[in-house]
Amino acid sequence: MPLAPGDKKALGFAAGALFFAIGGHLWLSPVLGADLRSATIRTLIFCANLFYLYNLIYHIALRPRWVKLAYLGWYVVLFALFAAVASVDRLHFGGTHRLLLFALFLMLTSGLFHMPAAFGLMAVVLVAYLVFPFFAEATLALLAMFYLIVLAELRIARETRSHLVLACFALGYVLLLAVLFPLVNLGVSRSPQDLRTALLGADAAADLTRRAMWTSIQTATVTTLVVLALGVPLAYFLVRSDFPGRRVLDALVDLPIVLPPPVVGIALIQLVGQRQPLGAWLEASFGIILANNWKGIVLAQTFISCPFLIRSAMAAFQGVDPRLEHVSRTLGAGPFGTFFRVTLPLAWRGIFMGCILTWGRAIGEFSSVSVIAEHPETMPVRIYKEFVNSGEKGPAATLAILMIVLCVVVFAALHLMASRTVWRNVRTVWSYVGGPSRQSD
Amino acid sequence: MVRVVNLTKRLGAFELRGVSFELAQGDYGVLLGPTGCGKTVLLETIVGINRPDAGEVWLDGQDVTRWAPERRGIGFVYQRSMLFPNLSVRGNIAYGLRYHSVERGARAGVVDRVAELVGVKHLLDRGVQGLSGGESQKVALARALAIEPRVLLFDEPLAPLDPPAKEALCAEIAALHRQLGTTILHVTHDQEEARILGRKIGVLRGGRLLQFGPKDEVFDRPNSAFVARFLGTENVFAGEATREGDSTLIRLGCGIVRAGGTGVPPVAHRQDACATNLIEGQVGLCVRPELVSIAPAGGTGVPPVAHRQDACATNQIEGRVDAISDRGALVRYDVATAREHFVVLQTKRDYAASGLAVGRPVALSFAPEAAHVFRWGDDESEGGGHDEIGRIGRIRPIRPIEPGCAPCAPPQARR
């Protein structure tokens, strides 16, 4: 069968490339050192090279020029990564392994060149493990996240023909990195077994940890309930009222955010400390001791964390059109009936979000709590003490991870509870599983 | 029955100033006014959401001024339907029933009946989010009707709808009113709605009720330039009036015209001169655009009065066509005369027959009966800058008329 001119050209190109590959291979073997002289490895790498070439000629050759260049460039990058970077001793992979890996990645990525998403992830893995080996896991997680978001955003940018959003993301991610990198890095620095021992172990330290954990959860929850009961009415008042000093009061709500927490602790202990008039009176009259007591912790946490709930609730109430309340009044509902049947159902999601924030702020509060109540220990107080006692290599990091896990789990659970979709799905599943069906009544 | 007496309320920039009117049982009142004239404040004051600074609100012979809104039993439909988004359509309609001693078992029946009446029965089990504009207004109407209100208040319920939905809901409301005989007070800025629905019409401006009365009276006999303009009579001019027999001669910038005469019957319940157009001094003159006839210059208008020979006897004014625009069934001419600017509406058929074009000199004429004269009040120019119509409506009174009827000056050639 006669060859078409195009085919002839391709054939010539293929033959030339093959020749070049063999030549380059023979030339490189002595350069790269002893391990390459192993016949198996040499054959393997040669096969990988051939496969890479095959893909170039039969698939990549049809693509635009920049893809071809990227394909060839990627070979150089891989080669550099393994030949140059990986030759340093401290790497996880050394000696024969890096060449095996080189061959492996060569074959994998040449196939993946058709799937930019998968190819990019592969590149991310390589960069994370070869360029930042000390922080490999954290780098891998954060780079992969960055890469996937950029991919999705690129698709949107192609639609809207604007890269502004993408550029903003790239800049904003620097900030996100500053937050996430230390956390993820800390999170992967201890094994799950360490966490288990620290929390469930039989020794005294684990017992202390359990108690501190429990104190933290209890006080934060009580605090949230207190702020909920008192903050929601305050928020509603601030949103619906209009008196001359309203703006001042509005600004005062944020005061606890501005004040340094130790100041708050000092202010509170000055008031309710056992030697202070009010504290002494409370103790004498009602037997209520606030200092070094969980009630004192709740007091400090309430002070610190109330703005979050009040602000969220205010935003939520602002979102409820007063005219809805008016209509409810004209239909016969009194002011209280209107609040509970219209306003609250419409605002509860925002209020709930405020509860989450308040809970999170309360459980994390350290300095004001440590001033008013060093005992019973909350988690932040315990972590700080451990850090002071034994520094960064000690159990403080393990406890910190426990705290991260606790907060993340609770946050995720609460956010799920506030999500419409989740409830709808739960209802759907419930109706299948045999909950009360609507048709029957 | 609703009676509002001297209602006064200051609320931020809005101010109601001594609003008084009365609607009989089963009446349909429409209050018209431009945006920001205090319509919503008025309704909210009647319904009890605002407490008036002065004045009273009476419902069926009871002074309810100090009652809480939930005691008044007034149905209220807002411009945006304001359905409770956390409830289904059924929940919305049933919302008020528990407060109006409807037994738990009977509620579903009431909801079904009202939904049937308003035509939203098929929507009952839907959420309110996916409803169209017309549907949600109907649900809001059903919700207000379910409590069997003593009065229904509508705050521009048709404004957010597109024209077909508006038309449909308008007809629906008219039918419901015929069927139920509920007293309805409706505020809007759309004179079409007022014409279709209203039996009593009021015009509000800057928190003041300028005129309130039966529909025809308000439309045909506006008592001020603002009312005239707002209700679509764009030809409003200031002039100086003198009596001459049964008719009134009015000197305008472009000539002298005749208004009223023996043909104008006085309005029954009005005793003042305005009812017969027989007033003197500074007056306003208005002619509805569809009552002005337009013809190429040189034609004759109204037959001249026997004893007068001059042009003003024929109510004929010369001018030039400035613009012609298509208004659907009608054609609108903007005609410039010596001093005034006339608007004329003509049917398409007449337009085709007349062969008029932009730039042609024309003669305008109108029957003396078509011209309505009202006293030119002191407040015509006051606050004129506050709203769109007031700004257009600012007219400078002209110099007083000299004795006798000077021959009308021919229209000046436009430069």
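**Notebook: chains A and B**

**Entry 1. The interface**

I began with polar contacts across the interface of chain B and chain A, and the rule gives 6 residue pairs, both partners at pLDDT 80 or more. A polar contact here is a pair of N or O atoms within 3.5 Å; within protein, one must be able to donate a hydrogen and the other to accept it, and residues adjacent in sequence count only if both atoms are side-chain atoms.

A note on the source: this is a predicted model, where local features need pLDDT of at least 70, side-chain atom pairs count only at pLDDT 80 or more, and totals for chains, interfaces and linings use all residues. Residues are numbered from 1 along each chain as its sequence is written, chains are lettered from A and ligands numbered from 1 in the order in which they are written, and side-chain values use heavy atoms, with hydrogens and water left out.

Next I looked up salt bridges across the interface of chain B and chain A, and the rule finds 1. I take a salt bridge as a side-chain nitrogen of Lys or Arg within 4 Å of a carboxyl oxygen of Asp or Glu. The side chains of B:Glu70 and A:Arg329 meet in a salt bridge, with 2.6 Å from N to O.

Which elements of chain B give two or more residues to the side that touches chain A? I found α1 (39–47), α2 (69–72), β6 (74–77) and α5 (133–146) of chain B. Helices (H or I, at least four residues) and strands (E, at least two) are DSSP runs, numbered from the N terminus. By class, that side of chain B has 15 nonpolar, 3 polar and 4 charged residues. Ala, Val, Leu, Ile, Met, Phe, Trp, Tyr, Cys and Pro count as nonpolar, Asp, Glu, Lys and Arg as charged, and the others, Gly among them, as polar.

The contact (heavy atoms within 4.5 Å) takes 22 residues from chain B and 19 residues from chain A. I then noted a buried area of about 1900 Å² between the two chains, with carbon and sulfur atoms giving 65%. Buried area is the accessible area (1.4 Å probe) that two parts lose on being put together, summed over both. In chain B, B:Glu70, B:Met82 and B:Tyr95 lose the most area to chain A, together 32% of what that side buries.

**Entry 2. Strands in chain B**

I traced an open sheet of 4 strands in chain B, in the order β2-β1-β4-β5 with antiparallel pairing. Its edge strands are β2 (14–23) and β5 (62–63), each pairing on one side only. Two strands pair if DSSP finds at least two bridges between them. Strand β4 (residues 54–59) is joined to β5(B) by 2 bridges, and B:Leu59 has B:Gln62 in β5(B) as its bridge partner.

Then I turned to β9 (residues 200–205) of chain B: 5 of its 6 residues are buried, so this strand is largely enclosed by the rest of the structure. Buried means under 20% relative accessible area, exposed over 50%, partly exposed in between (1.4 Å probe, protein chains only). Strand β3 (residues 28–32) pairs with β9(B) in the parallel sense over 4 bridges, with B:Leu31 partnered by B:Gly202. Strand β10 (residues 208–214) and β9(B) pair in the antiparallel sense over 6 bridges, and B:Arg205 stands opposite B:Arg208. β9(B) and β10(B) form a hairpin with 2 residues between them, and B:Gly206 in the turn has a positive phi of about 55 degrees.

**Entry 3. A threonine in chain A**

Is A:Thr219 buried or exposed? I get 2% relative accessibility, so A:Thr219 counts as buried. A:Thr219 is found in helix α9 (residues 204–240) of chain A. A polar atom of its side chain lies 2.8 Å from the backbone oxygen of A:Thr215. Leaving aside neighbours within four places in sequence, A:Thr219 is in contact with A:Trp294, A:Ile297, A:Val298 and A:Gln301.

**Entry 4. Salt bridges elsewhere**

My search of the whole structure finds 24 salt bridges over all chains. One of them is A:Asp254 with A:Arg311, the closest N and O atoms being 2.9 Å apart. The pair links distant parts of the chain, 57 residues apart: A:Asp254 is in the loop between α10 (246–252) and α11 (255–258), and A:Arg311 in helix α14 (residues 294–318). A:Arg246, A:Asp250, A:Asp254 and A:Arg311 are linked in a network of salt bridges.

B:Glu234 lies in the loop between α9 (225–230) and β11 (235–244) of chain B and B:Arg332 in strand β17 (residues 330–336), so the pair ties together parts that are 98 residues apart in sequence. B:Glu234 is partly exposed at 32%, whereas B:Arg332 is buried at 13%.
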